[in-house]
Every structure is written in C-alpha cells, then in structure tokens.
Amino acid sequence: MAATRIRTAVIAAVAYIIGIIFILPYVEMVITALRPQKELLDRNYLPHHFTWSTFSNLWGSNLNVTSGLETSLEIAGGATLVVLLVALPAAYYTARRKFRGRGAFLLLVLATQILQPTVLIVGLYKEFINFGLQHFSPVWSLILVNAAFNLAFSIWILNAYIGSIPAELEEAAMVDGTSRLGALFKVTIPIAMPGIVTALIFTFIAAWNEFITALTLTTNPSQYPLTVVMDAFRGAYEVDWQHLFAASVIATIPVLVLFAFIERRIVGGLTAGSIK
Amino acid sequence: MSNIVTAGPATAGRTQDQPPGRRQRKYPRVRAILAPLPWIGPAIVLIGLVVIWPIVVMFQTSFQNITADGINIGSAGWRNFSGVLNNANLPGILLRTVIWVAVVVGATMLISLGLAQLFNQRFPGRTVVRWALIAPWAASVMMTALIFRWMLDPNNGAINILLHQLGIVHGFNTNQSAWLANPDSAMAWMIVVAVFVSVPFTTYVLLAGLQTIPGELYEAARVDGASLWETYRRITLPLLRPAFFIGLVINLMNVFNSFPIIWEMTQGGPGYETSTSTIFMYNLKAINVGQSAAMSIVNFAIVLVIVFAFLRMNRRTLQEAR
Amino acid sequence: MKSRLMAAAAVSAAALAAVAGCSSSSSTTGSNSGSGSSSGSVTLHLFGADYGAGTTNVSTTTFWNQVATAFHKKYPNITVDVSTVNWNAYPDKVKALIQNQQYPDILEGSAAPPYAAENLIYPTSQIISQSTLSNLVPKFLNDTQYNGTAYGVPWTTSTRALCYNKAMFSKAGLSSPPTTWAQLQSDAAAIKSKTGNVGFGLPLGSEEAQAESLLWFLGNGGGYLSSSGSYDINSAQNIATMNFLKSFAASGDTEPGAGSANRTDLWNSFAEGKIGMVNCSPAIVPIVKLKGAVSTSDLGVTAIAGKNGPLTQTLGVHDDIVAFKSGGHAAQIKLFLDFAYQDQWQLAFNNDYDLLPATQSGDQAFGQQNPVFSQYMTNIANSVNYPAKANWTTVENQIKQTMGQVVTGSPSSILGAIQQTASTASS
C-alpha cells in the first residue's frame, strides 16, 4: 500500500514538473507582455514594474482584437463542423467497407495533406477570385479552405480509430433491428469518441492558428481573424512586443476553454486503461 | 485475444461486398462505384474543389518564368527544375532536412510514448497537468517560436539568464550566448522547439489509443504474473500500433512542412545554413517564383516517397486497422 | 479497379477544367469590379503598405481613408477603395495580386522598374499634373526612371544617419562621435570596455541587409553600381569593405551574431540604452521617445562614418506609387494623386510615421515643424538610392538572405554570388 502511495507521489511529481515545463514559455509571454517599455530588455526574470494596462487596452476597437477573436471563432468553428460532417461518414465507410478505389481514396486524401496552403497560396487566391468570393465574406472561403486542408488528417485518424473497433459490435446492434446509420450513431461513435474529439481539436486548432491563407484572402482589418490582427503588431520599424505577446496569450484561451470542456471525452474514464 | 484485432471489419467487409444473387442484378459495377459516393463524395468534392486546383496552378507555375515581383515573363520549360536541382545549397539543405525530420519525429514519438503512459496513470491533479500539456498545441507555433527566440536573446533572454546562473553560459552578448546566430546551436534549439510543439498532439493521439485498450487484458497479464516491461511490450505496444502509426505519419508530414519555427527563429539563415527544404522553397519565392514552385514539387515528391515507404512497411498495420 | 479510378479521375478533371475555363474568361485583367466607364462613377483601387505598428502608430488604412473621403467630397464621381497590409506581409500579398493579374489602380510601396519593364504601368507624366511633377524632389524622381522615362511617383522618403547615445559616450570617455571607420571601431571598443554595453549595432540580418551594406559600401567609395550604371557588387572596394566588417564583428565590439541581427531589434536595444551607436533614420525618434530610456538630449545624430571621413552621400530610400494601366483610369488617378500630394497630406503622413516628404514644399514645411530631423533632411540632396533596375527585387532578396554570411564566411565569394545573380537574372 505504501509502495503504491510512493509510486503515485513520484508519478505525480514527475508529471507536475513536465506540466510546468510545458507552461513556462507561455508564462514568459505573460511576463514580457507586462514589462514596461523601459524594462523590456532588462536582464532579469521579472521586471520591477508591471504594466497591467497592456492587457486592458488590448480591447480597444482600433486594435481589432475583439473582432479578430469573433472572426477566428467563426472560421475555426465552421471549419471543424464541416470537417466533422464530411470526414466522419468518409472515414466510417472507408474503415468498414472494402470498396473499389478505397486505397486510392486514402492515398489521394493523404497526398493532398502533404501540401500546405503556404505553398498553394497563389492558386487559392486565384480560386477565390474566380469564384467571385471576394464579394462575400472571406469567412466562408476560409472555412472551406481550412476544412479542406485538415480533412485528410481527420479522415485518417478516424479511419484508424473506427477500424480498431470490432464490427461485431455494430453487427450485434443491427441484428436487433437498428439501421446501419443507427448503429453508427449508437454504437460506433460513442466508442470512437476519443478519436473523434482528437480529430476535432486538431482541426479547430489548425484553423484557429492558420495565418497565411487568412492574410491573403482578407482585404481589410474588419475581416481579419486574430492571427492576422496579431501580425499587424509587427511594424516596419518596431514591434509592439507587449501587445503581441498579450494578444497571443489571449488567443490561446478559447482553445484551452474548448479543451477543458471536452478533455473528459478524450481521456475520461471510458476504459480502465492504466497499467498497474 | 488476437481475435479482437485481426477479425472484424476485414472479414465483415468481404462478406458484404459479395451480394446475394437475387438483389443486385443490373449494373453491379456501376452500383459498386456509386455506393461509396454518398459517404466519401463530400470529401472528394471538398478536396477536389479547394485543394486540387491550386495544385494544378502550382504545377503550371513551375514551368513558367516568374520574377520575384510576380510577373510572368514566359515559359521556362524545365529550367526551373534544373535551376533548383543544380543549386549549390541544395545538398546541404536536403541533408539538414533529413536530420531535422528524423531527430524531431524520433524524439517526439519516443517522448510522447512516455508521456502518454505517464498521463494515463491516476494521480491527483491529473486533469490539470493534462490541460497544461495542451498549451504548446493551442498556442500558435509562430508565437511559440517567437517567445523561444525572445528567451534566447544574447543580451537578456531568460534561458541565457538561467544558463548563466548555472555556469553554462559565461557571458552575455557573447557568441556563445547568441545561440541562434550559429547554425549548429540554432538547429539544436529549433529541434527542441519543434519537439516541444509536436509532443502534445502526439501524446493525446497515443493517449486516446491507450484508452481503447480494454482493461481486462492488463488484468489477465497481471494474473499471469507478467512484468511491467513485458506487459508494455506484449500488450500495449502492439495495440497502440494504429495510433502510433497515425501519429508517426502525421508528424512526418508536419515536421517536413514545418515553417514558422525556423522562419521566426533564423529565417533559414545565415545564408541557407539553417534552411530545410520547405524554408528553401519559401526563400526561393523572393528570388524566382517559378523556381519556388518547382521546389514545392520536389518537396511534394520527397514527402510522397517517404510516406509511401512507410505505408509499405506498415501494410500489416493498415490491414489490422481495418 | 485501376481503369475505373482513371475514368472517375478523368471525369472529375474534365469537370474541373470546364469550371476553370468557364470562370477564368471573366477575370482577365481588372480588379475594377463595379467601375463603370464613360461619365459614370469610377472606383479606384489603392493597395499600399501599412507603416503603423500596433498601438503606437495609426494604421495607414486610416490615413488613406481620410484622403479618400476628402477626395470623394471634392469629386463625388470617384471613389477610392483602400487596402493596406503590413510590411512583413506586403511582398507576398503584392506578389499574389500581380501573379493573378489583379492589378490595383494605385500601388503604394513598390519600385517602378519591374513593372515598367513589362509595360504594366503608366509613365509618371500621365498620372500627375505638371505642377505636382515639378514640386517633387528631383533627386527621387530621377530614381524612378526606366529606359529614360519616369514611371513611378515617390511618395515618402527617408535618409540615414548615425545615431549615438551621448550619455554612453561620455561615460566611455568619448567627447565626439566617430567620423572614420577606425574611430568607429575604437569608440565601439571603448564603449564595450567602459560601460559593458554593445558598442555598435550592425544589422546584417535578412531584414535590411541591403541598406546597411550600402551604407558601408558608400563609405569606401563603392556601391551597388559602377559609375557606368551596371551592377558591380563584388568590386574590390566592396570586398574590402566586407572584410572590414568581418573583422569588426569578430572583434566583439558589435553585438554577437551580426550576420543575423535585424535593424528592428537593434533599434529597440538602442532606444533602451543598451547599444552605443547604430545607423538610423528619422523613424528611430519616436521609438526612443516611447522607451523613455534615452532622453532627447542624449540622442546624438551625425553623418555616417566612412572609411576616411564622414559620408557625403548617404542612403536615401523612397517608397513609390505606381499606377497600373489595366483599369484605364489614368484621368481619375491623376486627379487623386494631385489631391494626395498636397502639403497637408504629405505632412500628415510623414508626421505620423516619421518619414520625410517627397515634395519640395512638403519638405520645407516639414523641416520647419520638425527641427530634430534637420540632419536627415540635409542628407536628401546627396542621397543615393537602390539601383533602379528591373531585377533589383531578386538581387535585393539575395542580399538580404546571404549578406550576413560575410561575418563568418568569405566576402569575395558571397559578393561574387550576388553579382552573378545580378548580371544573369532576367527582369
């Protein structure tokens, strides 16, 4: 008993240290954001004075941080939703059925994932213009672009997770009279939830932090998502480091909140799963 | 025990693909093609419309002579490709890319295996620590790279302050403290940052994989008296294989394509001494857009080869995952 | 299975091609959606660079919108649609526009020769009136020429000088700023040993290596062009200059890693009193004021040190406006530019961003308003700009990326490689 206690304590201690290491750079971001101008480059861990106003005046309308947050939420949320609706059926079918062109489909999907928007930006811009999308809100274009470029990962992740769930479970449900779709919803999805949530978080974060496409397809500051807003803090002759880092910390919060809500779903007590 | 893994969808799929004689008489092949469409159709449409066209444009661009200002002054034939492949910097860049990918992905996978195991244990405050691990994943990689560059500032960076206190760094504003100015130390630090931002996602992928391993297996192993390491090797690792494989492939692609870290920390410089092939492709855009597109295609080909090689090697895993 | 897949792929490819062919015909040239011709209303599209940063400066979009609004009041038929992007993103964004042939009517921030070489832009005479033309500082207007014709209109300018921290100088026992390279080096060494701060901030990193290099080249009678006007980057003087910089950096009297250091960071350090000397432009003044670590009286501004004496010619850059022919709105563009080049707007812009006006009357008024910039303004008459060549962008980018290597590598081979590109790269 005591051995287990000590073991748990050691494990906890190691985990805490690792957790701290992962948080440290972001703590440094907050500290740097709070440095007054005179002490920005001082050689110390903590400045002598703290400018709390850096965080409070971040919300002024001239900085577009609020609108940037809203826009980013729309884009990331929209893209995640689209990916969910498109990837889940595709992954389910690919995992369960051996159809003609299955291998090719998976490889096509993978191949398109290899190329990132950074490389394809000119063509994306051309599409954007040719489809007349500059007359509509760029949010829609960005939702589609982010969804398309993260589709492959989600399909592959879901394909792997669903594939590792035995089909017998669905068969059993269908024997009882449920349709295939019903089995999907009642049996497979709940069990594959960790994989589904992982794919969703992956997509959300990717869309949330996407920069180059957002920069190219938006034309005025009211349309900017947060990543582009933050880039404006880097000027021609000077960088507004404090506001840049402050905005960056703020930008992380919605993702962390989202994660807090669904963290249970990824790793919360579905199976015992721990080596004793 | 093996039934759970190898039986299942593979066999189920096969039986269902051969329809009972009565049901499908007309155009069985057409039906076979159309059947998956409602399921995979939307994905094909989305990818086709959004991704394929820019890829086509990129291919076209690679055969054009486009100046650094974006002006197309005519066809370049294969000159862009020969220009890129004959570039004196290329061999060094390719070698560096191999090292970059191998070290970052290797370290990430190993560390993530350990962390997933650790965070799968029960201990007080587990939720908080799991949450803390998300920070590098949630923050934008560009900002993480920036704060690391800030912490490595030769004059006042927090890392230098710490290392100075530990006696490792002997003075500020010295060449030693200018980690990012020297290509070798810059690469080392950038590898650290790359691992730092890749580990959270990978850990969670593996963690989710661990969650799907039924507890009864561990019970059975314990009853059989297996040691910790044996249990890990014989039960955990094999069952973790699909998740590990996914994490590996995703990391391979991501790390190869990795851009913000190197760009923000050294811009690939001095010269091209810290450039990977992705950075080089981006740098070429400033010199000759056509060559940049050609380099993108070269990169594309490289990643395809790597990923295909992995798929081949792990065909068994794919089949099991089905 | 393979043949099926091929068939499906062929069908979808054909479909895509059809869609592509369909829509691409409707988007030939022209970014001018909604611009009726003849006597109807016209919309001009202006794309420019944003010179502001975060909370410290007003966004340039705001500036241009003010101009546009006032202009629209005077000419209700003409609307000016403004879009800016910050300087980091500017090259990529402009490239995307140009590659897709989405030419803006007015482009602010790019040099004229590359576009003039491809006959894409109007000559200067067609887009501003004679009175505006004659009010421009002649020096800058000459720089916009391509094949003897002026194509761009300089919008804003800036010259360089040597900034030094007077307080740090006196602490190091130095009474006056250096005028020669040898003095510069010894002054930097004195600052380092007596105050522990960095003596001279040398930015050869990729942000503005081309500017810093030119300042040093000029100091040794070199430059980017030979006297006949062709590229001569690896001239004997230039190689000697870089060899000097290499040894200067190696001596430890500059900041470490000079080959990767960027001007923005060094100016930041200087403003916080951590560096003794740095080559600067007027834009450093508000940064120093903002930091509050170096008082205005301690900010010394003098001519840049040359090898044997102070530079008589310094680097004078100007950001230009060019107007694309694709929209066919030369008349309206002329009205707008004549309006925008009035003193009131030149003063507003350059006061916002601590740059210098491009017009003579503007410079006069500006000099009266801002006596602290006097050193910079006297430098205008003798300033040297970057080569007005169609392939300068390519050369400039290679300089930015590789010049920093002179600090640790071989100046002759690095300069040689750049010269190679300069003489062979097509426009």
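1. In chain B, what percentage of contacts between residues at least 6 apart in sequence join residues at least 24 apart? It is 66%. Two residues are in contact if their C-beta atoms, placed from the backbone, lie within 7 Å. This is a predicted model: local features need pLDDT of at least 70, side-chain atom pairs count only at pLDDT 80 or more, and totals for chains, interfaces and linings use all residues. Residues are numbered from 1 along each chain as its sequence is written, while chains are lettered from A and ligands numbered from 1 in the order in which they are written.

2. Chain B overall. Its secondary structure comes to 17 helices and 2 strands. Helices (H or I, at least four residues) and strands (E, at least two) are DSSP runs, numbered from the N terminus. Chain B has 322 residues, and 51% of them count as buried. A residue is buried if 20 or more other C-beta atoms lie within 10 Å of its own, exposed if 12 or fewer, and partly exposed in between; C-beta atoms are placed from the backbone.

3. One residue of chain B. B:Gln117 sits in helix H6 (residues 90–120) of chain B. B:Gln117 is partly exposed because 19 other C-beta atoms lie within 10 Å. B:Tyr232 is 115 residues away from B:Gln117 in sequence, yet their C-alpha atoms are 9.7 Å apart.

4. Chain A against chain B. The contact takes 91 residues from chain A and 92 residues from chain B. On the chain A side, elements giving two or more residues include helix H1 (2–33), helix H3 (65–96) and helix H11 (241–267). H1(A) supplies the largest share of that side, 15 residues. By class, the chain A side has 58 nonpolar, 20 polar and 13 charged residues. Ala, Val, Leu, Ile, Met, Phe, Trp, Tyr, Cys and Pro count as nonpolar, Asp, Glu, Lys and Arg as charged, and the others, Gly among them, as polar.

5. Domains of chain A. Chain A is divided into domain 1 (1–51) and domain 2 (62–267); the bounds come from an automatic or database domain assignment. The domain centres, taken over C-alpha atoms, are separated by 31 Å. Their contact takes 7 residues from domain 1 and 6 residues from domain 2. The domain 1 side has 5 nonpolar, 1 polar and 1 charged residues.

6. Strand E11 of chain C.

7. Partners of E11(C). Strands pair if DSSP finds at least two bridges between them. Strand E3 (residues 106–108) of chain C pairs with E11(C) in the antiparallel sense over 3 bridges. C:Glu108 stands opposite C:Ile321. Strand E6 (residues 153–159) of chain C also runs antiparallel to E11(C), joined by 6 bridges. There, C:Thr157 stands opposite C:His318.

8. Helix H2 of chain C. H2(C) spans residues 60–74. Its 15 residues reach 21 Å from first C-alpha to last, close to the 21 Å expected at 1.5 Å a residue (1.5 Å times one less than the number of residues). C:Thr60, C:Phe63, C:Trp64, C:Val67, C:Ala68 and C:Phe71 are buried. Seen down the axis, the buried residues of H2(C) fall within an arc of 130°, so they line one face of the helix; the arc is that of the directions from the helix axis to the C-beta atoms. They pack against strand E1 (42–50), strand E2 (78–86), helix H14 (330–340) and helix H15 (343–353) of chain C. The face turned away carries the exposed residues C:Thr69 and C:Lys73.
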